[in-house]
Each structure stands twice: as C-alpha cells, then as structure tokens.
Amino acid sequence: MTRLNGKRILVTGGAGFIGSHLVELLLRTYPDVEVITLDKLTYAGTLDNLTAVMDDPRHRFVQGDVTRRADVEAVLEGVQWVFHLAAETHVDRSLYDPGRFLETDVWGTFEVLEAARRHGVEGFVHVSTDEVYGSVDEGWAHEAAPLEPSSPYSASKAAADRLAHAYAVTFGLPVLIVRPCNAYGPRQFPEKLIPFFIVRALRDQPLPLYGDGQNVRDWLYVEDLCQAIRVVAERGQFGTVYNVGARNLLPNIEVARRILAVLGKPESLIQRVPDRPGHDRRYAMDWDRLRRLGWWPTTDFDQGLRKTVEWYRAHPERWHALESDEASRHFYEQHYGPRLG
Ligand SMILES: NC(=O)c1ccc[n+]([C@@H]2O[C@H](COP(=O)([O-])OP(=O)(O)OC[C@H]3O[C@@H](n4cnc5c(N)ncnc54)[C@H](O)[C@@H]3O)[C@@H](O)[C@H]2O)c1
C-alpha cells in the first residue's frame, strides 16, 4: 500500500502547465485514485490542458478561486491529499501587478492550508520554487540556505512556502514542500522563456533576449518534475523541504541557441533587449535530499527540447495565446511592445 493509492486527491492549478501534467501522472500511476482539479482558469489555465483526462470518470474539474473560502471548501469534502500549485507564476507580470501575486500566492495558499487543516488531510504537498533563494551567484543552495527572494513573485512564493512550514510546525499539518527549478515542456503558456522563444522562432520573429543573456537557470522536463513531486508525496518526510533540480544549468543565450538549432533557424534571430529590473543572475540548488528518496531526472535537455518543439509545431492554435487573450495582449503591448513585434 502506498500513501496515494485509493485516495481522493485535490490538485489546485491543475489546468495550468505543471498541474495538468501532474493530474495526468496521478491518474496514470494509480488506477484507484479520484482526482479533483480546482482551477480559476485565469489567462494561464485552460481546459485544453486537461483534454486527456476530461472523460476519465476518476477525474472531476471544478472552476474556482483558491482565494475564496467557499470555493475551496466546496471541493475539500473527503479529500485526503492536496497538491497545491495554483499561483500567479510569471515574474515579469509581478513587476507590474504585485498585488495579484500577494493575493493568489499568499492568501490563496493560506485558504488552502486552512481548509486542509479543517478537513484533517493525510498529506499536503506545497509547490514552491527555487526562486525563493534569490540569486545564487556561486555554489548550490541547500534546503537550509536563507531565503532572499528578489521579485514580488518570488517574495510571494517565499511567504507561501514559510506559511506552509508554519502549518506543519504549529498545527501538525502533514506538509511536504518542494522547490523546483525551471520546468519546460508541452502546454506551457507561451510567455515563459522556452515556449516564447520556440513560438517566435517558428514564426521567424526575433527572440528578445534580456541583458547579456548570461542569466543561468536549471532546466527540468515537466514530466520529470511531476515524478519528483509524486516521489516526495510517497516517500518524503512530513515537515521537510525538498529541492528539485536537474543539474542542467544553462545561460539563457545558450537556451536560445539550442532552440534555433532544433528548428534549423539562424542565430541572427537573437535580439538583445534591456534587462529586466531585479533579474536574478543564477539559480542553482543542491538536491541530494531528493536523490536519496530515489528520484533522478530521465529526460536530457536536448531530448526534452525536441519533444517540446514538436508539440508547439503541432499546436499552432496555442501560439496565439498571448495575442488572443485580451489581458495578456494589453500587458505585453504596454510593457514589452517590441517583444511581440
Ligand atoms: N513553471 C516553472 O518553471 C515553475 C518552477 C518552479 C515552481 N513553479 C510553481 O509551480 C506551480 C505551477 O506552475 P505552472 O508553471 O504550472 O503555472 P501556470 O501559470 O501554468 O498555471 C497556474 C494555474 O493556476 C491557476 N490559478 C491562478 N490563480 C488561481 C486562483 N486564484 N485560483 C485557482 N486557480 C488559479 C491558473 O488558472 C493556472 O491554471 C506554481 O505554484 C509555480 O509557482 C513553477
């Protein structure tokens, strides 16, 4: 018997990028689970991400807002495990609308934790981020490293992360916290670096690269990340934080070059643009603790990138998400006119 077999599981933010892959993984791995997806369907979430599971009788989608107690309460009945992913997730947007990040990422997390406490769940996986450590200019951040978030996004995520920890310490809620590095793969909203560059390159448009392009991120294929989240739920020690990395550190300019190479497009498409304020230079984590649970990434970057590129090539309807969503178009035209070009 495992921790998740036969359980009723709530996934918040399950119509988003990582959440939708996690919902699929849970249903694929455990024939006897019931999964409820709670998602507000903001610009970043879409039911198209859940096509593979919408007809599965073990899955139920509920549209709702994690900041609204009634919405969370309505789905918690009988839930034994919670995977909390719902959040505002784009750093650039957090510079222009920080309040929304505080509301969703901090207050929303509070509401989900409170509901989980009221209902006495068996497990609560909080999905945090490596960005809570701030820029790690050298070496590798261990789970005990200080949190020094630099953007309203990462500061909100750090607050949520520590709130989840507080619920474990104070109320004995069985919390597990994961801090993943950058994820990439099919179905990511095309404002994030990799899908943004893929879509731009597919259209032969310039790839706007912030600053000198030397900002370093650790890149993990989304299915590997979801396996890591599942492994932590199954084998993690409650009350503990687990970093999730890939040991695949690359500067942004190298990511751009690899995308262009996969697509057979010229590097002259790379166009330097002024850097983003507060742009963290490097993220890097030590994830030995997770490795000791038996997890290891299985998709290498070039293989994952090819799969991702193929998915975007096969789904031209998703290229237009930025322009077709009114709020996104307004945001980008106002702040990054040249990026949409
Ligand atoms: N993508 C990454 O590289 C990465 C890395 C580390 C951590 N994370 C974390 O993983 C989680 C998922 O990230 P993602 O990339 O899938 O994000 P995403 O933006 O693709 O999806 C977020 C989902 O949350 C939903 N949502 C937003 N506000 C909501 C609200 N108030 N109530 C209910 N649902 C709401 C959206 O509709 C969307 O479906 C987030 O918590 C994020 O901080 C992401």
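Reader: Which helix holds Leu25?

Author: Leu25 sits in helix α1. Helices are DSSP runs of H or I with at least four residues, strands are runs of E with at least two, and both are numbered from the N terminus. The model is a predicted one, in which local features need pLDDT of at least 70 and side-chain atom pairs count only at pLDDT 80 or more, while totals for chains, interfaces and linings use all residues. Residues are numbered from 1 along each chain, as its sequence is written.

Reader: Why is Leu25 called partly exposed?

Author: Leu25 has 17 other C-beta atoms within 10 Å. A residue is buried with 20 or more other C-beta atoms within 10 Å of its own, exposed with 12 or fewer, and partly exposed in between, the C-beta atoms being placed from the backbone. The value for Leu25 falls in between, so the label is partly exposed.

Reader: What does Leu25 touch, beyond residues up to four places away in sequence?

Author: Leu25 touches Cys226, Gln227 and Arg230. A contact requires C-beta atoms, placed from the backbone, within 7 Å. As for Leu269, which is 244 residues from Leu25 along the chain, the two C-alpha atoms are separated by 36 Å.

Reader: Which residues of α1 are buried, and what do they pack against?

Author: The buried ones are Phe17, Ile18, Gly19, Ser20, His21, Leu22, Val23, Glu24 and Leu26. They pack against the strands β1, β2, β3, β4 and β7, and against helix α7.

Reader: What makes Gly108 buried?

Author: Gly108 has 26 C-beta neighbours inside 10 Å, which meets the cut-off, so Gly108 counts as buried. This glycine lies in helix α4. Leaving aside neighbours within four places in sequence, Gly108 is in contact with Val66, Thr67 and Ala86.

Reader: Is Ala70 buried or exposed, and on what count?

Author: Ala70 is exposed, because the count is 9 other C-beta atoms within 10 Å. Ala70 belongs to helix α2. Its C-alpha is 9.7 Å from that of Glu111, a residue 41 places apart from Ala70 in sequence.

Reader: What sets the phi of Arg187 and of Arg247 apart as worth a remark?

Author: Phi of Arg187 is near 80°, and that of Arg247 is about 55°. Both values are positive, and neither residue is a glycine. Most residues other than glycine have a negative phi. Arg187 is in the loop between β7 and α6, and Arg247 is in the loop between β10 and β11.

Reader: What makes a set of residues a nonpolar core, and which members touch the most others in the largest one?

Author: A nonpolar core is a set of buried Ala, Val, Leu, Ile, Met, Phe, Trp, Tyr and Cys residues joined through C-beta atoms within 7 Å. The largest one here has 86 residues, of which Val178 and Ile229 touch the most other members. Helix α7 gives the largest share of this core, 7 residues. Among the residues that Val178 touches are Val125, Val127, Ala228, Ile229 and Val244.

Reader: Which residues come nearest to the ligand?

Author: Gly13, Gly16, Phe17, Ala44 and Gly45 come nearest, of 30 residues around the ligand. A residue is near if its C-beta atom, placed from the backbone, lies within 6 Å of the molecule. The largest share of the shell, 3 residues, comes from α1. α4 and β7 are among the elements that each supply at least two.

Conventions: Two residues are in contact if their C-beta atoms, placed from the backbone, lie within 7 Å.
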